[in-house]
Amino acid sequence: MTFVVTDNCIKCKYTDCVDVCPVDCFHEGPNFLVIDPEECIDCTLCEPECPANAIFAEDDVPDDQQDFTALNAELALEWPVITEKKDAPDDAAEWDGVPNKIDYLER
Ligand code: SF4
Ligand code: SF4
């Protein structure tokens with residue numbers, strides 16, 4: 001199994017999650033993070049760290065966000081690894097909880 005980053009991370013990208021991951025499986029894009037399913041060891045540490053509640057175990061990804069499992073796998077191959085927390089975007093709080101941010105995903 002793996003953990004999956006879902007819609008509410010888009011444009012929030014608080015990066016609290018990367019500090020706790022023991023195997024450096026987060027990859028960073030312009031306004032979203034993904035988890036590399038080949039590296040994730042299911043340790044569960046990142047899920048409670050996300051202030052946006054955007055991380056789910058693969059089996060618990062909400063029905064309307066199932067596409068994010070494949071999207072994490074795809075983008076993890078393209079984006080560089082991120083291992084240290086950084087400042088969130090200035091407007092992260094305004095975007096937290098806005099539904100269906102997938103249209104704003106930058107690749
Ligand atoms: S902590 Fe949550 S919102 Fe922040 S980068 Fe990680 S998954 Fe995205
Ligand atoms: S579950 Fe563990 S190994 Fe997987 S992404 Fe989260 S912190 Fe990293």
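**From a buried isoleucine to an aromatic cluster**

Start at Ile 35, which lies in strand β3, residues 33-35. The model is predicted. Ile 35 is buried, because its relative accessible area is 1% and the cut-off for buried is under 20%. Leaving aside residues up to four places away in sequence, Ile 35 touches Thr 2, Phe 3, Val 4, Val 5, Cys 25, Phe 26, Cys 40, Cys 46, Ile 55, Asn 72 and Ala 76.

Now step back to the whole chain. It has three helices and four strands. From the N terminus their order is β-α-β-β-β-α-α. The C-alpha atoms fill a box of roughly 30 × 30 × 25 Å along the principal axes.

Burial and contacts come next. Buried residues account for 46% of the 107 in the chain. Take the contacts between residues at least 6 apart in sequence: 78% of them join residues at least 24 apart.

The surface follows. The chain exposes about 5700 Å², and carbon and sulfur atoms supply 45% of that area. There are 6 positive and 27 negative charges, and their mean positions lie 9 Å apart.

The whole structure holds three aromatic pairs. One of them joins Phe 32 and Phe 68 edge-to-face, at 5.9 Å centre to centre and 70 degrees between the planes. Phe 32 lies in the loop between β2 (26-28) and β3, whereas Phe 68 belongs to helix α2 (residues 67-76), so this pair ties together parts that are 36 residues apart in sequence. Phe 32 is buried at 0% relative accessible area. Phe 68 counts as buried too, at 6% relative accessibility.

Phe 32 has a further partner. Phe 32 and Trp 79 also pair edge-to-face, with 6.4 Å between centres and 85 degrees between planes. This pair links distant parts of the chain: Phe 32 in the loop between β2 and β3, and Trp 79 in the loop between α2 and α3 (92-95), 47 residues apart. Both Phe 32 and Trp 79 are buried.

Which residues form one aromatic cluster? They are Phe 32, Phe 68 and Trp 79.

Methods: Residues are numbered from 1 along each chain as its sequence is written. Chains are lettered from A and ligands numbered from 1 in the order in which they are written. This is a predicted model: local features need pLDDT of at least 70, side-chain atom pairs count only at pLDDT 80 or more; totals for chains, interfaces and linings use all residues. Side-chain values use heavy atoms; hydrogens and water are left out. Helices (H or I, at least four residues) and strands (E, at least two) are DSSP runs, numbered from the N terminus. Buried means under 20% relative accessible area, exposed over 50%, partly exposed in between (1.4 Å probe, protein chains only). Contact means heavy atoms within 4.5 Å. Accessible areas come from the Shrake-Rupley method with a 1.4 Å probe; for residues, only the protein chains shown count as cover. Lys and Arg count as positive and Asp and Glu as negative; His and the chain ends are not counted. The place of a charge is taken as NZ of Lys, CZ of Arg, CG of Asp or CD of Glu. Rings of Phe, Tyr and Trp (its six-membered ring) pair if their centres lie within 6.5 Å; planes under 30 degrees apart count as stacked, over 60 as edge-to-face and the rest as tilted.
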